[in-house]
Amino acid sequence: MPPALRAEILDAYEQRLRATGNAILTDPDARRQALHQANAVIDDVGRYAPSGTAEMGPVATPFTLTVGRDRAQRGIHPVQSLRAATLLFEAALPPLIREYGGTAAHGDATANIATALHRTIMARIETGALSYVSFLLERLFTSHLAERRRIGRELHDRVAHAIGVGLQHLDLHRIYRERRSPRADGKLNQAGRAMREALSLTRALSEELRQSVGPAGLEHVLRGYLEASVPPTVTVVCTVAGDTRVVPPAVTEEIYVVLREAVRNALLHSGSDRLDVSVEVGATSLTATVSDHGRGFEPDPAELAGGGLLSMRERVELVGGSLSIRPGPTGGTTVAICVPLSGESR
């Protein structure tokens with residue numbers, strides 16, 4: 001392969017990526033990977049097209065396997081990879097035909113070159129897609145595992161604690177009753193209150209596990225959760241704009257869980273007496289925010305690395321979106337979500 005021909009193809013490829021605003025070109029590491037892949041494609045065509053060979057060796061090299069995973073981590077949508085593949089085919093085919101068109105051993109030279117180019121590109125797309133999906137499945141498992149751990153903590157720290165307190169009051173009730181102490185009735189009443197609290201917590205967790213968006217839609221289930229879970233001492237302003245029914249079910253389910261977690265965090269940690277929750281469905285994206293007016297919040301690196309915030313971020317990224325946590329406009333904290341709805345990258 002003459003160096004000038006290789007440089008011509010790579011330059012034309014980059015120009016097409018730039019002209020279409022492809023996300024791969026805006027990320028330095030993704031750009032490096034794309035050019036490395038393009039070089040490998042050119043080598044494959046140079047190796048197999050002149051002889052008319054249709055079958056090529058495997059391309060699932062360690063490097064190729066990392067491309068899909070890395071693009072998933074960087075939030076580069078698979079659509080961008082497919083478009084980049086088309087652009088590479090368009091950039092490479094004319095120079096390759098010019099170079100090898102007269103040297104094919106048999107068959108139609110143009111068909112041989114186009115077939116070899118198509119197969120080597122698509123083999124890499126297939127390998128990258130498999131690693132992309134594998135990465136997302138790992139994220140899904142991690143996110144669901146974090147949710148189960150959170151439920152476990154709720155059961156241990158709140159439900160079990162309330163039951164333990166109730167049992168202690170019952171023990172004290174028996175002791176005071178044997179001593180004919182007037183405090184016996186008080187301990188019995190306290191035990192009843194603790195058990196009722198445990199029952200209420202258990203019911204809330206059970207409802208949380210059962211609840212999903214379903215056909216009722218995101219707005220309905222979100223307002224229901226806010227009404228049932230936010231104490232009367234906290235004012236909630238919930239605004240929903242656009243038709244949430246057009247959002248794919250897989251997206252609404254994950255976004256609902258993240259909004260629910262953001263509301264819970266605000267109630268537990270902000271000390272705010274007001275929450276603002278908004279959802280807006282536009283032509284190309286869904287945006288949502290949960291804002292409090294409390295003491296503010298600086299994300300703990302441990303939380304971002306393996307706690308509840310990581311689980312929230314992963315759930316949003318699983319549906320192709322992004323999550324940010326920032327100071328609110330009037331103090332407090334705002335959790336903001338943005339999810340594309342048109343298949344475009346962020």
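This is a predicted model: local features need pLDDT of at least 70, side-chain atom pairs count only at pLDDT 80 or more; totals for chains, interfaces and linings use all residues.
If we set aside residues up to four places away in sequence, Leu 205 touches Ile 151, Glu 154, Leu 155 and Val 159. Taking Val 159 from that list, the separation from Leu 205 is 46 residues in sequence, while the C-alpha atoms of the two are 9.6 Å apart in space.

The next residue is Gln 33, which lies in helix H3, and Gln 33 is also buried, with a relative accessible area of 2%. Leaving out residues up to four places away in sequence, the partners that Gln 33 touches are Phe 63, Val 67, Asp 70 and Arg 71.

Staying with H3, I turn to how this helix, residues 28-48, is placed against H1, residues 3-19: their axes come within 11 Å and cross at roughly 140°. Angles over 145 degrees would count as roughly antiparallel, and H1 and H3 are therefore described as oblique to each other. The crossing of the two helices, H1 and H3, is right-handed.

As for the residues involved, Arg 6, Ile 9, Leu 10, Tyr 13 and Glu 14 on the H1 side meet Arg 31, Ala 34, Leu 35, Ala 38, Asn 39, Ile 42 and Asp 43 on the H3 side. Sorted by class, this contact between H1 and H3 is made up of seven nonpolar, one polar and four charged residues.

Conventions:
Residues are numbered from 1 along each chain as its sequence is written. Side-chain values use heavy atoms; hydrogens and water are left out. Axes are lines fitted to C-alpha atoms, for helices over the stretch in contact, and angles run from 0 to 180 degrees between N-to-C directions. Helices (H or I, at least four residues) and strands (E, at least two) are DSSP runs, numbered from the N terminus. Angles under 35 degrees count as roughly parallel, over 145 as roughly antiparallel, 65 to 115 as roughly perpendicular and the rest as oblique. A crossing is left-handed if the near helix is turned anticlockwise from the far one by less than a right angle, and right-handed if clockwise. Contact means heavy atoms within 4.5 Å. Ala, Val, Leu, Ile, Met, Phe, Trp, Tyr, Cys and Pro count as nonpolar, Asp, Glu, Lys and Arg as charged, and the others, Gly among them, as polar. Buried means under 20% relative accessible area, exposed over 50%, partly exposed in between (1.4 Å probe, protein chains only).
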